[in-house]
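This report goes through a few parts of one protein model. Please look at the sequence and the structure before reading on.

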Amino acid sequence: MSEETIKSLLTEERSFPPPADFVKRANAKDESIYEEGKNPEAFWENRAKELTWFKPWDKVLEWDLPFSKWFVGGKTNITVNCLDRHVEAGRGDKVAFYFEGEPGDRKAWTYAELLTEVKKFANVLKGLGVEKGDRVTLYLGMTIELPIAMLACARIGAAHTIVFGGFSPDSIRDRVEDSQSKVVVTADGGWRRGNVVPLKANIDKALEGSTPIQKCVVVKRTGDALPIEMQEGRDLWWHELMADASDDCPPEEMDAEDLLFILYTSGTTGKPKGIAHTTGGYMVGAATTTKYVFDLHDDDIYWCTADIGWITGHSYITYGPLMNGATGVIFEGAPNFPDKGRFWDIIQHYKVTIFYTAPTAIRAFMGWGTEWPEKYDLSSLRLLGSVGEPINPEAWMWYHEVIGHEKCPIVDTWWQTETGAIMITPLPGVTTTKPGSACRAFPGIDVAVVDEDGKEVGPGGGGFLVIKSPWPSMLRTVYGDDERYKQVYWSRFPHLYFTGDGCKVDEDGYLWLMGRVDDIMLVAGHNISTAEVESALVSHETVAESAVVGRPDPVKGQAISAFVTLKQGVDSSDELLKELRNHVATKLGPIAKPAEIHFTADLPKTRSGKIMRRLLRDIAGGKTLGDTTTLADPSVVESLRAQYEKQES
């Protein structure tokens, strides 16, 4: 990465030490936890000892680069740590989950109730022929049946593979066939913005012809709102199976390295990669990071707004919080239905204390104005979190001031499906935070920023984020394809795990994530991060959200193309366009000035809220659009393309 790029990055001088009252009761209060983390094997072994094992491990780590084994010889079951041990400790009456449905239905599930349901569905799966080592595909909306099904699979030693409820039939089929799943669990439909998502219909289409699926279990969620067809001999109703199921199901003894789940993530080319996570190491990583990053205490009400179909929902809705005995919130639907105050209404109703959401959502809230959160009592909040992509400093500050009322530490977290757990983050009782920085590696994690030759850069430098040594929750392989695992993650830099992300190190050693390396634009020989241009645009008082891509340019190689959503009440104009271009040039230097800015009412996003920059690149480059099936609103893309072509003509 060039010196020009590093110098052009935002220089952030604001900093926020942990509030004194927060530090008093924090799980991590001082630097001693980082000192302990300097011996990673001892650190992780001590954390593992806090959990329940049928048999202790013989060896903490076996490392045969790039393959790791953690807690070798240990036997456990993650559901015992999520459920049984809390019930046995007399805490069965504590609420495990509050469920908030889009139609307004609400229900609380205690740890004892959840354990009973998990054991019953585990017996249902056994009755359908599912055995230890089999795979089960879950394609559900955000209802309580999803964590129940996950935990039931883990209870009997079957690996679950969750397919996000927004994926298309072709995507489902690819995952079913790659995992060779025996059973699929779905619902008749799911609610989103007053409409029904046709989950069962998508499954029916995905399973046309020959597939490995033998049985399909269907949850009745929407009922008469969306009639479905039940295929005789294959399709079975969840409620009917559960009515007759026994609630006696001892947990399967799982080896630490037995497969826990497969979660598919998009590859840059070819079919999706099945990220394989095993039982013991993932369990320890998820439990430990949840405890310290979110500073969980017994009286907390914790809400992660992610979908369980993504890794964030696996680790920080289901497994991590339950292992810590937390009370969590699961919500169905969208943040702007029935109105733009829905999130704040949920926080007020349940008195949520810990709130974990995505920068995309935060920037959307900014665009909607402060009047929405100001209608609600958010005083219960004591900790805020961010996940999914780098958060620009202005969004961080809005989150801090408007939602946190300047009293809540913010944990800006970096990690991946592949890492299984949070890797870079502030610890809220220890770290002085800077807006836009994920700060430093979690204790026991060894990260570095390297240049093109794999050499570490010093303070003020930038380059590629790598991980230098193994960690417990790391992926073990790409399911069924060890060679692809080696090629994707271990070929760019020998002996280093390459994350695929760009990163800057500031003078204090803080880490500033800049997004995927393929989101780095090469403009006239200069590397410019899309994230830094987006941050500059959003720092302007009129801009609610922006997405930046590089488009082919015959002179510069690439030119910067920006798509901007303005705040409510702000009108677009040629004058504003010029002002924004100059604003970026002032912030980052003339080389970063966008060649074009397109004002748009919305940006193409997946149902989980991620901006689909790939589609914007296709629009800006005049290419045929790729797959749009995972978009929350596919019409946004066509509208944008028509608008783009009109402006270019």
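In what order do the 4 strands of the open sheet lie?

## The open sheet

The order is β21-β22-β24-β25, and the pairing is antiparallel. At the edges are β21 (447–450) and β25 (511–516), each of which pairs on one side only. From one strand to the next the twist averages 40 degrees. Strands here are DSSP E runs of at least two residues and helices are H or I runs of at least four, numbered from the N terminus. Two strands pair if DSSP finds at least two bridges between them.

Within this sheet, β22 (residues 462–467) and β24 (residues 497–505) are joined in the antiparallel sense over 5 bridges. Phe464 stands opposite Gly502 in β24.

## Basis of the model

The model is predicted: local features need pLDDT of at least 70, side-chain atom pairs count only at pLDDT 80 or more, and totals for chains, interfaces and linings use all residues. Residues are numbered from 1 along each chain as its sequence is written, and side-chain values use heavy atoms, with hydrogens and water left out.

## Helices α4 and α11

Helix α4 (residues 40–48) packs against helix α11 (residues 279–293) at an angle of about 85 degrees, and their axes are 10 Å apart. Axes are lines fitted to C-alpha atoms, for helices over the stretch in contact, and angles run from 0 to 180 degrees between N-to-C directions. The angle therefore makes α4 roughly perpendicular to α11; angles of 65 to 115 degrees count as such, those under 35 as roughly parallel, those over 145 as roughly antiparallel and the rest as oblique.

Phe43, Trp44, Arg47 and Ala48 of α4 make the contact with Val284, Gly285, Thr288 and Tyr292 of α11. Contact means heavy atoms within 4.5 Å.

## Helices α5 and α12

The axes of α5 (residues 78–91) and α12 (residues 311–323) come within 8 Å and cross at roughly 55 degrees, which means that α5 is oblique to α12. In α5, Ile78, Asn81, Cys82, Arg85 and His86 meet Tyr319, Leu322 and Met323 in α12.

## Arg221

Arg221 lies in the loop between β11 (215–219) and β12 (235–237). Its side chain makes a polar contact with the side chain of Asp105 (2.8 Å). A polar contact is a pair of N or O atoms within 3.5 Å; within protein, one must be able to donate a hydrogen and the other to accept it, and residues adjacent in sequence count only if both atoms are side-chain atoms.

Leaving aside neighbours within four places in sequence, Arg221 is in contact with residues including Phe99, Thr143, Trp191 and Glu332.
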